[in-house]
Amino acid sequence: QSANNNLLDKMAKSNDASHLSPDRRASKRQKLSINFFTRVRNLITSHVSFTNTGSKHSATAIVDDSIATDDTAAAETMDAAAAAEVSTPSLAPEIWAHVCDFLPYQSLLQTAVVSREMLVDVMPRVTMLHIDKSCQLHAGVTHRYGDVQDIYIYSLIEFEDDLESYDCHLDDDTLTRALPFLCKFSSCLERVFLGGRRPSNGQVEGYKTDRFSVEDDMKMNNFIDLFSGAFRAGALPNNVWIAGLSCSKETRMHINTCKVCRNACKSFPLSSVVDFEDIHVIKKRYRFRAKLFDDDIFGLNVCLKRTEIEEIILGRPGGKELLQSKARFMTLLGRGVRHVVITDDDEVLYVVKYDDAVLGQINGFIKHSSMDVTMFPPDEVTEAIRRSFAADERDPLPPPREQCYLAESSFNALKELGLPIEETDFLNEDELRYGYKNSYFSCDWRFY
């Protein structure tokens with residue numbers, strides 16, 4: 001039992017380390033580094049002894065010979081587990097499944113063939129898949145993963161070299177395979193990210209319109225249209241959140257001309273459409289980045305104005321209720337842009353600032369809703385704002401408070417909108433200790 005606890009402690013520490021990555025990422029789990037994957041695999045081999053039952057076939061040999069080498073390799077690898085040596089892991093299946101959630105797909109297949117117990121008891125409990133190659137998008141083994149909720153596909157974007165250049169293009173094989181593969185998880189799938197990961201630093205990137213050729217722009221728009229059709233046909237669940245894609249329009253078009261974006265707003269789940277962002281607002285937001293590392297979540301970015309998006313939402317069943325619900329307001333409060341600041345002492349700090357676009361949505365809700373936001377419980381409002389410090393909406397808790405700073409300009413803007421918040425709820429110990437309100441100190445040192 002103590003050995004299991006030690007293993008879990010090490011797993012937790014590794015997970016925390018990944019959470020501190022300063023790189024831009026779509027979610028906490030997407031930015032797990034190659035080093036972290038290596039550490040997890042080392043934990044597997046160093047903490048578990050396997051009992052050989054005398055099989056003539058080695059599981060390791062099966063993996064080396066067959067894994068992820070062609071279209072049928074994945075299915076053959078999973079089926080080969082029946083003939084492989086039977087070994088007994090020293091951890092419960094639930095714990096193994098948690099470990100597997102953070103493994104690359106190829107390592108997951110290797111783990112599956114370790115023993116029949118791993119294949120039968122652990123794989124059905126896996127909730128996340130990390131796809132690095134298009135050949136891994138094979139439907140033959142999807143029935144083994146009955147509880148997958150998150151799928152991260154990093155093979156959509158290919159980079160020309162290991163440098164942080166703009167030389168990248170879409171992978172045609174992934175464009176062809178991705179949607180049919182995802183439709184095999186229609187019963188439990190909740191979240192999908194499609195993009196790429198730079199080999200040089202592991203940085204995850206979604207589609208950015210200024211980095212691709214005209215041909216790739218056309219492919220991306222066709223790709224978005226395919227997802228719209230899948231939602232309308234019921235091939236994908238109506239609550240799946242798709243991230244990483246973007247309309248390729250460089251200039252804002254007339255409201256009726258971009259059929260791709262309007263089609264997406266009419267077809268994607270309402271819970272996703274309400275968070276669609278205008279690509280032109282995003283470009284303006286990141287034109288000046290200073291020394292802050294943005295940690296924003298990639299979503300589907302469209303070339304429509306916010307008013308146009310909401311006009312389409314209002315025309316859909318349940319759209320008006322969603323836009324004017326208390327839950328929607330609390331979600332908006334958690335949409336502050338999170339930045340990661342690395343100090344000279346290598347300390348990691350998180351700074352949240354609300355840009356004009358989000359503040360405009362909050363202000364629009366207050367003006368058009370029949371609810372009086374000043375009467376909302378202050379603790380609920382404060383907690384909703386603190387959600388902006390989390391890596392994404394799936395994280396149960398934000399980072400420790402002593403690492404989190406709400407920019408003063410954002411606090412003042414939210415206060416002016418009439419929200420029942422107090423500054424002491426967001427000040428950290430260092431701000432209070434050094435006298436933020438003391439006239440001898442300038443507030444310039446605090447994040448503004």
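Trainee: Phe268 and Phe276, buried or exposed?

Mentor: Phe268 is buried, and Phe276 is buried too. Keep in mind that this is a predicted model.

Trainee: What kind of ring pair do Phe268 and Phe276 form?

Mentor: An edge-to-face aromatic pair, with 70 degrees between the planes and 5.8 Å from centre to centre.

Trainee: Which residues are in the cluster with them?

Mentor: Ring pairs connect Phe231, Phe268 and Phe276 into a cluster.

Trainee: How many aromatic pairs does the structure hold?

Mentor: The count is 10 aromatic pairs. One of them is Tyr105 with Tyr145, which is tilted: the planes are 55 degrees apart and the centres 6.3 Å apart.

Trainee: Where do Tyr105 and Tyr145 sit in the chain?

Mentor: Tyr105 belongs to helix α6, residues 105-112, and Tyr145 to the loop between β1 (128-131) and β2 (150-153). They are 40 residues apart, so the pair links distant parts of the chain. Both tyrosines, Tyr105 and Tyr145, are buried.

Trainee: And α6 itself, how many of its residues are buried?

Mentor: 7 of its 8 residues are buried, so α6 is largely enclosed by the rest of the structure. The buried ones are Tyr105, Ser107, Leu108, Leu109, Gln110, Thr111 and Ala112.

Trainee: Back to the loop between β1 and β2. Where is Val148?

Mentor: Val148 is in that loop, between β1 and β2. Its relative accessible area is 0%, and Val148 is therefore buried.

Trainee: Which residues does Val148 touch?

Mentor: Leaving out residues up to four places away in sequence, Val148 touches Val126, Thr127, Leu129, Phe185, Cys188 and Leu189. For Thr127, the C-alpha to C-alpha separation from Val148 is 3.9 Å, while the two are 21 residues apart in sequence.

Trainee: How many bridges join β1 to β2, and which way do they run?

Mentor: β1 and β2 run parallel and are joined by 4 bridges. Ile131 has Ile153 in β2 as its bridge partner, and His130 has Tyr152 in β2.

Trainee: What about β2 and β5?

Mentor: Strand β5, residues 191-194, also runs parallel to β2, with 4 bridges between them. Arg191 in β5 stands opposite Asp150.

Trainee: Are the faces of β2 covered on one side or both?

Mentor: Both faces are covered. Asp150 and Tyr152 lie on one side, Ile151 and Ile153 on the other, and all four are buried.

Trainee: Which residues point which way from β1?

Mentor: Met128 and His130 point one way, Leu129 and Ile131 the other, and all of them are buried.

Trainee: Changing topic: which residues are buried in α17?

Mentor: Helix α17 covers residues 378-386, and Val381, Thr382, Ala384 and Ile385 are buried in it. Looking down the axis of α17, the buried residues fall within an arc of 160 degrees, so they line one face of the helix.

Trainee: What covers the buried residues of α17?

Mentor: The cover includes α15 (326-333), β14 (404-406) and α18 (408-416).

Trainee: What is the phi of Asp346?

Mentor: Positive, about 60 degrees, although Asp346 is not a glycine. Asp346 lies in the loop between β12 (337-342) and β13 (348-353).

Trainee: Is Asp346 buried or exposed?

Mentor: Asp346 counts as exposed because its relative accessibility is 64%, and the cut-off for exposed is over 50%.

Trainee: Now the whole chain. How many helices and strands?

Mentor: There are 19 helices and 14 strands. The chain has 448 residues, and buried ones make up 53% of them.

Definitions and conventions:
Residues numbered from 1 in each chain as written. Predicted model: local features only at pLDDT ≥ 70, side-chain atom pairs only at ≥ 80, totals over all residues. Heavy atoms only, no water. Phe/Tyr/Trp six-rings, centres within 6.5 Å; stacked < 30°, edge-to-face > 60°. Helix = DSSP H or I, 4+ residues; strand = E, 2+ residues; numbered from the N terminus. Buried < 20%, exposed > 50% of the residue type's maximum accessible area, 1.4 Å probe, protein only. Arc of directions from axis to C-beta. Contact = heavy atoms within 4.5 Å. Pairing = 2+ DSSP bridges.
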